[in-house]
Amino acid sequence: RNGIYIIDLQQSLSFIDRAYEFVKETVAHGGSVMFIGTKKQGQEAIAEQATRVGMPYVNQRWLGGMLTNFNTVHKRLQRMKELEEMDLDTVAASGFTKKELLMMRREKEKLERTLGGIRDMAKIPSAVWVVDTKKEHIAVGEARKLGIPVIAILDTNCDPDEVDFPIPGNDDAIRSVALLTRVIADAVADGLIARAGGASSEAEEPLAEWERELLAGAEAPAEVVVAEAVVEAAEPAAE
C-alpha cells in the first residue's frame, strides 16, 4: 500500500508455531541449533539468547566454510583454546619474545571475536536460525548445500525458497529481531527440558547450570511469547 509492504500477522503466527514446534522437536531428539545474525540490530540478541540455552552462535563476521569446511574451523578452535591456556602476559614465563607474545595475543583476540560463539561446537548443527537471509547468504548457502534446515525471519526483500521454516517479519527492527530470536531460544529451551525429561535417571548426564535454571524456573509460557512476537514482528524499522 503506497509503496509500503504490509505483513499479515495471522500468517506470521502460524509460521511461528510451525518453526517453534520444529525447533523444539529437533532439540528434544538431541539436535542443536546455530544462531546466526551479524547485522548490528541482531548481534546482542543472538549472543544473549544462544548463550542462555547453550547453543552455538555467530554474531560477528561469517567465515566462509564454517559449515561446509568444519574440519578446518575445528582446528582453528583448537588453536584458540591452546592460546587461551598460554600465559601471554609474562615474557619470562612464556619463553617467547615480546613481539611474539604481541602477535599471539592479537591472534587470540581475533579468533575469540570470530569463533568465540562456536567454541564448544563439536559438529555441524541440526538447524540454523538466521536473522537476515540476504546479509547471511553465504551461511544460508552452506546450510542448504549440507541439507541443514534453515529457520529465518522472512522480510519483504528475502527469497522464501531459501528458507525451510520462514517467519514473516521485519529483520531491521531491533525489538522484532530480539523477540523472534527469543521465541526460537524458548523453543530450544522447551526441547532441552523434553530431552532431560525423556532420559532415564541412570543414563542421564549431569545438567549444566544453565540447563538446571531452565528446568527450575520457566519463563513466560510459549503461547504468550508467540503472541508478543506476532505484535512485534512487523513493527517499523526505525528505532
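Predicted model: local features only at pLDDT ≥ 70, side-chain atom pairs only at ≥ 80, totals over all residues.
**Stop 1**

Select Glu107 to begin: with a relative accessibility of 22%, Glu107 counts as partly exposed.

Glu107 and Arg76 form a salt bridge, and their closest N and O atoms are 3.3 Å apart. This pair links distant parts of the chain, since Glu107 belongs to helix H5 (residues 98–115) and Arg76 to helix H3 (residues 70–85), 31 residues apart. Is Arg76 buried, partly exposed or exposed? At 36% relative accessibility, Arg76 counts as partly exposed.

**Stop 2: along helix H3**

Stay with helix H3 and select Arg79 and Glu82. Here is another salt bridge, with 2.9 Å between the closest N and O atoms of Arg79 and Glu82. Both residues sit in helix H3, three residues apart, which is about one turn of the helix. Glu82 is partly exposed, its relative accessible area being 42%.

Other salt bridges share partners: they join Lys39, Asp132, Asp171 and Asp172 into one network. The structure holds 10 salt bridges in total. Let's visit that network next.

**Stop 3**

Select Lys39. You will find Lys39 in the loop between strand E1 (33–36) and helix H2 (40–52). Is Lys39 buried or exposed? With a relative accessible area of 7%, Lys39 is buried, as it falls under the 20% cut-off.

The side chains of Lys39 and Asp132 meet in a salt bridge, 2.9 Å from N to O. How many residues apart are these two? They are 93 residues apart, with Lys39 in the loop between E1 and H2 and Asp132 in the loop between E3 and H6, so the pair links distant parts of the chain.

To see the rest of the surroundings, display what Lys39 touches. Not counting residues up to four places away in sequence, Lys39 touches Val131, Asp132, Lys135, Glu136, Asp171 and Asp172.

**Stop 4: helix H6**

Move on to helix H6, residues 137–146, and colour Ala139, Val140, Glu142 and Ala143, which are buried. Turn your view to look down the helix axis. The buried residues of H6 fall within an arc of 160°, so they line one face of the helix.

What covers those buried residues? The cover includes E1, strand E3 (127–130) and strand E4 (150–154). Then step past the end of the helix: H6 is followed by Gly147, whose phi is positive, near 75°.

**Stop 5: a pair of rings**

Select Phe22 and Phe165. They form a stacked aromatic pair, 4.1 Å from centre to centre with 20° between the planes. The pair links distant parts of the chain: Phe22 is in helix H1 (residues 9–28) and Phe165 is in strand E5 (residues 165–168), 143 residues apart. The count of aromatic pairs comes to one. Phe165 is buried, with a relative accessible area of 14%.

**Stop 6: Ile167 in strand E5**

Remain in strand E5 and select Ile167, which lies there too. Ile167 is buried, and its relative accessible area is 1%. Which residues does Ile167 contact, leaving aside its neighbours within four places in sequence? They are Phe15, Ile16, Ala19, Trp129, Ala152, Ile153, Leu154, Leu180 and Ile184.

From C-alpha to C-alpha, Ile167 and Leu180 are 8.7 Å apart in space, and in sequence they are 13 residues apart.

**Last stop: the whole chain**

Zoom out and switch to a cartoon view. The chain has nine helices and five strands, and they follow the pattern α-β-α-β-α-α-α-β-α-β-β-α-α-α along the sequence. Of the 239 residues in the chain, 44% are buried. Among contacts with a separation of 6 or more, 66% are between residues 24 or more positions apart.

Notes:
Residues numbered from 1 in each chain as written. Heavy atoms only, no water. Helix = DSSP H or I, 4+ residues; strand = E, 2+ residues; numbered from the N terminus. Buried < 20%, exposed > 50% of the residue type's maximum accessible area, 1.4 Å probe, protein only. Contact = heavy atoms within 4.5 Å. Arc of directions from axis to C-beta. Salt bridge = Lys/Arg side-chain N within 4 Å of Asp/Glu carboxyl O. Phe/Tyr/Trp six-rings, centres within 6.5 Å; stacked < 30°, edge-to-face > 60°.
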